[in-house]
Amino acid sequence: MGRTADAIAEGVAIATAAARLAVKNHILVGTIAQGGTFDLDRYAGDARDVLRAMAAESDQAAEHLNALRKRAKGRHSDPSGTHDYRDRDVRNLKRRARQSTGVAQRLREMADDRDEVNELVESARAAAWADVRGNLDRRLLVEGMRPDQDPEYATMREARMQALKLVDLQALSSQQRSRRKHAEKLAKEAAKAGAKEERTSRWSRKASAKS
């Protein structure tokens, strides 16, 4: 393989990895966050959309490089910056544009190939399951671990005790104070109501005696 072919292959590999990541995220959202089931045709459509979007980006990159190449042609002064190209950069810009066009073409071929799309979706599904399995393994390891199995148990126990002292006990104390104040408030209101009822009763008795 030549230099351009190698660069195209590398670009396609990077784009494919990015497409796999995008489809994996679609699968995680669709099956877990939204409670759906895995549908190969649905995610195959997502994969084709992602590949074609990346192909369009590669085409845009090629157009931009061609524009830079045309601007640089015939200019022999010293550049003012990294992207201020001159005539000596024309060959390199042309090669880079050709590479971007090659990547775009290959990505479109992949999007139109049912087998390659299905293979991409299956690899994305495997990656999604690996993520889910890894999270489950970590949760089960932490939640199901006995003290003698955890090499950091003593250190973490001290941290948990500090957290209990600084946070949990303070929160409990605050709750108790709040409940006590609420009970005292209710008691005062009840006492006021009783006193008012007693005054009303005495007034009624006096009124009855006068009549």
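Reader: Which span should the 23 residues of H3 have, and how far apart are its end C-alpha atoms?

Author: The expected span of a helix is 1.5 Å times one less than its number of residues. At 1.5 Å a residue, H3 with its 23 residues should span 33 Å, and its end C-alpha atoms are 33 Å apart, so the two agree. Helices here are DSSP runs of H or I with at least four residues, strands are runs of E with at least two, and both are numbered from the N terminus. This is a predicted model, in which local features need pLDDT of at least 70, side-chain atom pairs count only at pLDDT 80 or more, and totals for chains, interfaces and linings use all residues. Residues are numbered from 1 along each chain as its sequence is written, and side-chain values use heavy atoms, with hydrogens and water left out.

Reader: How many helices and strands does the protein chain have?

Author: The protein chain has five helices and zero strands, in the pattern α-α-α-α-α along the sequence.

Reader: At what angle do H1 and H3 pack?

Author: Axes are lines fitted to C-alpha atoms, for helices over the stretch in contact, and angles run from 0 to 180 degrees between N-to-C directions. H1 (residues 3-33) and H3 (residues 90-112) pack at an angle of about 50°, with axes 9 Å apart. That makes H1 oblique to H3; angles under 35 degrees count as roughly parallel, over 145 as roughly antiparallel, 65 to 115 as roughly perpendicular, and the rest as oblique.

Reader: Which residues make the contact?

Author: Contact means heavy atoms within 4.5 Å. Those of H1 include Arg3, Ala7 and Gly11, and those of H3 include Arg98, Val103 and Met110. The residues of this contact of H1 with H3 divide into seven nonpolar, five polar and four charged. Ala, Val, Leu, Ile, Met, Phe, Trp, Tyr, Cys and Pro count as nonpolar, Asp, Glu, Lys and Arg as charged, and the others, Gly among them, as polar.

Reader: At what angle do H1 and H2 cross?

Author: The axes of H1 and H2 (residues 40-72) cross at roughly 145° and come within 9 Å. Among the residues in contact are Ala22 of H1 and Val50 of H2.
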